[in-house]
Amino acid sequence: MNKKVIRACALAAMATIAMTSCNQSNPQMDQKSQTSTSASGVKIAYVEVDSIMNQYQFAKDYSLILQKKGQNIQNTLGAKQQQLQAAAANFQQKVQQNAYTREQAEAIQAGLQRQNQDLQALNQRLSAEFQNETDKYNAALRDSIQHFLALYNKDKKYSLILSKAGDNILYADKAYDITGEVIAGLNKAYKPSKSMKAANTTSAKK
């Protein structure tokens with residue numbers, strides 16, 4: 001649940017975005033746009049996923065929220081795990097000292113087992129909540145980018161816009177790179193919610 005895990009989830013979601021244009025027709029193109037047009041007349045561009053993750057404010061804001069949530073989960077589980085380990089160690093020590101009757105030892109051991117089961121259940125519940133929050137973020141990130149590209153492409157009229165993550169595209173001419181325009185447009189359109197502002201303001205103060 002650390003920052004690398006959050007980033008990996010987001011990158012995976014970004015890499016699967018099918019960034020196809022809404023307008024396949026392109027009867028006329030100006031001279032500038034022809035630098036990114038193939039011989040068959042198909043107009044192609046690509047966007048660098050890493051740059052979006054690093055520079056799109058929505059991605060940065062939500063990443064901080066997930067990072068904080070993941071750290072809180074780790075802290076909660078870690079504290080309970082330490083308490084349980086301390087109780088188990090104390091129990092073993094008392095058993096060796098013959099401090100309990102057989103019935104008392106069995107009752108305490110059963111209690112420790114229940115605590116362990118409760119801890120495992122809590123771990124599963126919090127992990128599921130974190131995964132749901134991550135999925136929600138990925139869906140919102142994907143939707144915001146696709147919505148922007150649909151508007152952006154009304155004028156640009158690209159036939160295909162690819163997401164370039166790592167080396168999933170072995171080679172791409174920089175003439176096809178529209179990352180800067182897309183990031184600028186995304187940030188201009190981004191309006192953080194009150195809850196988002198509050199969450200990140202709290203994180204910044206810590």
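These legends go with a set of close-up views of a predicted model.

**View 1. The whole chain, to get your bearings.**
Six helices and two strands make up the secondary structure of the protein. Read from the N terminus, the elements go α-β-α-α-α-β-α-α. Of the 206 residues in the protein, 31% are buried. As for contacts with a separation of 6 or more, 86% of them link residues 24 or more positions apart.

**View 2. Helix H4, end to end.**
H4 covers residues 102-156. With 55 residues at 1.5 Å a residue, H4 should span 81 Å, and its end C-alpha atoms sit 79 Å apart, which agrees. Ala 140 is one of the residues in H4, and with a relative accessible area of 29% it is partly exposed.

**View 3. The largest nonpolar core.**
This core has 25 residues. The ones with the most contacts inside it are Ile 52, Tyr 56, Phe 58, Tyr 137, Leu 141, Ile 178 and Val 182. Two or more residues each come from strand S1 (44-48), helix H2 (49-55), H3, H4 and helix H5 (179-189). H4 gives the largest share, six residues. There is also a second, separate core of ten residues, with Leu 77, Ala 105, Leu 112 and Leu 119 among them.

**View 4. Phe 58 and its surroundings.**
Zoom in on Phe 58, one of the residues with the most contacts inside the largest core. Skip its neighbours within four places in sequence, and Phe 58 is in contact with Tyr 137, Ala 140, Leu 141, Tyr 190 and Met 196. Phe 58 also belongs to an aromatic cluster, together with Tyr 56, Tyr 62, Tyr 137 and Tyr 190.

**View 5. Aromatic pairs, two ways.**
The count of aromatic pairs comes to nine. One of them is Phe 58 with Tyr 62, an edge-to-face pair with 5.6 Å centre to centre and 75° between the planes. These two are four residues apart in helix H3 (residues 57-96), so about one helical turn separates them. Both Phe 58 and Tyr 62 are buried. Phe 91 and Tyr 100 show another arrangement: their ring centres are 5.9 Å apart and their planes are at 20°, so this pair is stacked. Phe 91 counts as buried because its relative accessibility is 6%, while Tyr 100, at 25%, counts as partly exposed.

**View 6. A lysine over a tyrosine ring.**
Here the charged end of Lys 43 sits over the ring of Tyr 158. The distance from that charged end to the ring centre is 4.6 Å.

**View 7. The two sides of helix H5.**
The buried residues in H5 include Thr 179, Val 182, Ile 183, Gly 185 and Leu 186. Look down the axis of H5 and its buried residues fall within an arc of 165°, so they line one face of the helix. What do they pack against? The buried residues of H5 pack against S1, H2 and H4. Over on the other side of H5, Gly 180 and Lys 188 are exposed.

**View 8. Two loop residues with positive phi.**
Asn 98 sits in the loop between H3 and H4, and its phi is positive, near 55°. With a relative accessible area of 67%, Asn 98 is exposed. Lys 157 is not a glycine either, and its phi is positive at about 55°. Its relative accessible area is 25%, so Lys 157 is partly exposed.

Key: Residues numbered from 1 in each chain as written. Predicted model: local features only at pLDDT ≥ 70, side-chain atom pairs only at ≥ 80, totals over all residues. Heavy atoms only, no water. Phe/Tyr/Trp six-rings, centres within 6.5 Å; stacked < 30°, edge-to-face > 60°. Buried < 20%, exposed > 50% of the residue type's maximum accessible area, 1.4 Å probe, protein only. Lys NZ or Arg CZ within 6 Å of the ring centre and 35° of its normal. Core = buried A, V, L, I, M, F, W, Y, C linked by side-chain atoms within 4.5 Å. Contact = heavy atoms within 4.5 Å. Expected span 1.5 Å × (residues − 1). Arc of directions from axis to C-beta.
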